[in-house]
Structures are given as C-alpha cells and as structure tokens.
Amino acid sequence: MKTEERHFAEACAEQFQTVARRWRIEEKVTTVGTDSARNMIAAARIMPFNHMPCTAHILQRCITVSLADSGFVTALAKCRKIVGHFKHSPANTAELNAEQVSLGRKQEPLAQDVPTRWNSTLEMVKRLIRNQTAVTATLDKQKHKLVLLTPPEWDKLQRLETLLEPCRYVTELLGGEAYVSCSVVLPAFCHLRRVMEVTDEDPAYVVRFKEKFKEDLASRQEHTNYAWLQIATALDPRFKDLRSVPKTDREAVWTTLAGMLHEDSPRRSHTAEEGPAKKRLSLLQMDSDSESEEEVQQDRAIQRYRAEPCTALEDCPLQWWAAHAGAHSQLARLARRYLATPASTVPCERLFSVAGHIVNKKRSALHSENVDKLVCLSNWLKDE
C-alpha cells in the first residue's frame, strides 16, 4: 500500500487496519509480522492483533553485531577490496576466468557482500576460499596496490565459513512459505546456541564471536512474541517435547495451554449467547463442582496429546492435526490458529523485491500504456 504520509507508528497502524477492513479479514487476522524497526514495533502495540517480529531479521542483526565485535573485521575488509578489484574491471575478471580454466576449475564470478543482502558475507567468503589459488595466481601477475590476505587470515575465513553456515541454513528455514515455520523458531535458535558453544580448540577471535552472538540473540529473543512461539512449539507434534524450552518453563507452557482450552470451551461460548436469566443459571452451574469436572477433562485432553509420539521432522504438523482432529478437537482449533503464523516477513518481501524488479524492467511499458493495475503486475509475475 503506497503512502505519502511519514511512517509514524499511528499512521502505520491505521494503514494495517485499513487493509484488514478493506479485505474484511479483521476477525480472521491473528498476528501481524513486521521487521524490528521501532515505528513498526510501536504500531504493533496500537493494533488489536498479536505482533510477530521477523525472526530472520533478528538472526541477521545478531550476525552483523557479532562480526563487528570480533577479529574478522580486517580480513573481511581485505576480501571486499579483492572482490571489488575484479568486479569493477572486466579485464581483471577475464584474467581470473582464464586462470580458473587453466587450473581446471569452473568459471565462477566472485561475490561482493552487501549489508542489506542476507548471507552475502558468507557467499563472498565461500567463493574466495573456493578460488583461492586462482585469485592468488591472477593477482601475482598484475600490478596493484591491494593488501593480500595472509595465511592466518585465510584460516580465519575458513573458520568464519564454519560459523556462518548454520546461520544461513536457519535463515532460509525460517523464511520458507511452503511449510509451517512459526513452531520451528525456538528449536532453530536452540540449535544455534549449541553450535555457538565455545570449545577448547577455538582461538580468541572465535570465542568473542560466539559469546557475542549468544548474548545478542538472547537479548533480542526477549523482544519476540515468546509466549506465542512457546505455544506454537507445543502444538507442533514434532517439537511437543519442548526440548527447545528451558526445563523450568515447560510445565508453565502446558498450564497456559490448558487455560486456553478453558477459555475456548463450548460451555463458555454457549453461555455468552444465552439470555440474561439462563446466563445467570449457567454461571451458577459453572461455579459449582461441574467446573472442576470440565477442568479435569481439559487436563486429560492435554495429557492425551502429550502421550502421542513425536512425529518425524519431515512430517507436516497441519496434516497431522487434520488426521487427529477427531481425537483432539479443541487443541486442533488452537493449532490451526498458532501454526498458521509465519516466522518471518521474508516471503512477502521476496515477492515485493521481485515485483519491483519487474516494474523497473517494464517501466517504459508502464509509462506508455499507463498500466499500473495489480492484475498486470500479476500477469508479469506469472510470465517471469
């Protein structure tokens, strides 16, 4: 939605709600996903929906902060200079390609890292490592003023690749749109914390990176919708053992879920729709011993679900709930609501990026034919 206003929190919140009203989905929306910009966070507080900060943004910010506070800065600066030397000169690129062919290697361009392009630092490092011999041989034949990487710095790059590869995998996992991603966040973060555990073989600069990464991830995780992520994890039959949640918090998650079942119970819904006289009588019933019976039934429902075996990681939790909705009817309703939330805003940003690329590509057609309707853009997307 294009806006001419400044992006103050109140204006952003009003635009979100205007779109929800226009599409008549106000009663269907459960969460609103945004990046971690302060105006977006403030706008989310105003809206009546739950806020889900983009977890992929959070992870990439952790990487950026950790790199700035480690011993990789000098080596990465040299990498950028070397890559720029070849990227900005077709002649230098041709010499590198010829050297790759002479060494029996695949012709492959170097990649420059861009602050706004996720995982680009890792891609730059990987391509330089793969082409280390060709790059070094080409630069040895040229006159240049570059400061080359030393053997210890090449070793640093290999260690950095090992550190960043799990982060790339998790970023791509959280940014998927063909599977449930919300319930994967806490297990993925738990995996990263294990990967970033310090070992006796780690040099000092790796220790600094790992400690800063874990510290920053922990502080940012506090600002996510942690309660929502916990419930989503519990409602995913792959992760319902809650190993990604601290042991001291696990029973509290199931207690919260039982409370949700109590609020979502048919008895309460039916009471709200009854007339005043019947409603008063129903309230008397609810305050009697029958309430405790209902709570027992809900506790049994939780226990039945917890007794189910965990499914394989490749299984789809939504298909599992579709097959077991009869046995766990109330929990199935909650699972549909919580598991539908995407873990990140990456899918819509990816579409926006592709659409912008196509609009720029077709700009002359847009001006000449004045076709600025969404249907035209949709057709171009299909053509691409």
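Colleague: Hello! Which residues does Thr121 touch, not counting residues up to four places away in sequence?

Modeller: Welcome! This is a predicted model, in which local features need pLDDT of at least 70, side-chain atom pairs count only at pLDDT 80 or more, and totals for chains, interfaces and linings use all residues. With contact taken as heavy atoms within 4.5 Å, Thr121 touches Leu67, Leu76, Asp113 and Leu164.

Colleague: Is Thr121 buried or exposed?

Modeller: Thr121 is found in helix H6; helices here are DSSP runs (H or I, at least four residues), numbered from the N terminus. Buried means under 20% relative accessible area, exposed over 50% and partly exposed in between, with a 1.4 Å probe and protein chains only. Because its relative accessibility is 15%, Thr121 counts as buried.

Colleague: Which helices do the buried residues of H6 pack against?

Modeller: H6 spans residues 120-130 and is mostly covered, with 8 of its 11 residues buried. Among them are Leu122, Met124, Val125 and Leu128. The partners of these buried residues are H3 (55-68), H4 (73-87), H7 (132-140) and H8 (151-174).

Colleague: How far from Cys167 is the nearest cysteine sulfur?

Modeller: A disulfide is a pair of cysteine sulfur atoms within 2.5 Å, and the structure holds 0 of them. Cys167 is in no disulfide, since the nearest cysteine sulfur belongs to Cys62 and the cut-off is 2.5 Å. That sulfur lies at a distance of 8.5 Å.

Colleague: What does Cys316 count as, in terms of accessibility?

Modeller: Cys167, at 0% relative accessibility, counts as buried. Cys316 has 31% relative accessibility, so it counts as partly exposed.

Colleague: Which helix gives the most to the lining of the second largest pocket?

Modeller: This pocket has a volume of about 610 Å³ and is lined by 23 residues, with Leu173, Val184, Pro187, Phe239 and Leu313 nearest its centre. The elements that give two or more residues to the lining are H8 and H9 (185-195). With 5 residues, the one that gives the most is H9.

Colleague: Which domains does the second largest pocket lie between?

Modeller: Its lining residues divide into 15 nonpolar, 2 polar and 6 charged. Domain bounds come from an automatic or database domain assignment. Two domains both give residues to the lining, so the pocket lies between domain 2 (54-224) and domain 3 (233-340).

Technical notes
Residues numbered from 1 in each chain as written. Heavy atoms only, no water. 1 Å grid on protein atoms, 1.4 Å probe; cavity = no way out; pocket = protein on both sides within 12 Å on 5 of 7 lines; lining within 4 Å. Points joined across faces, edges and corners; volume = space filled by probe spheres on them. Nonpolar A, V, L, I, M, F, W, Y, C, P; charged D, E, K, R; others polar.
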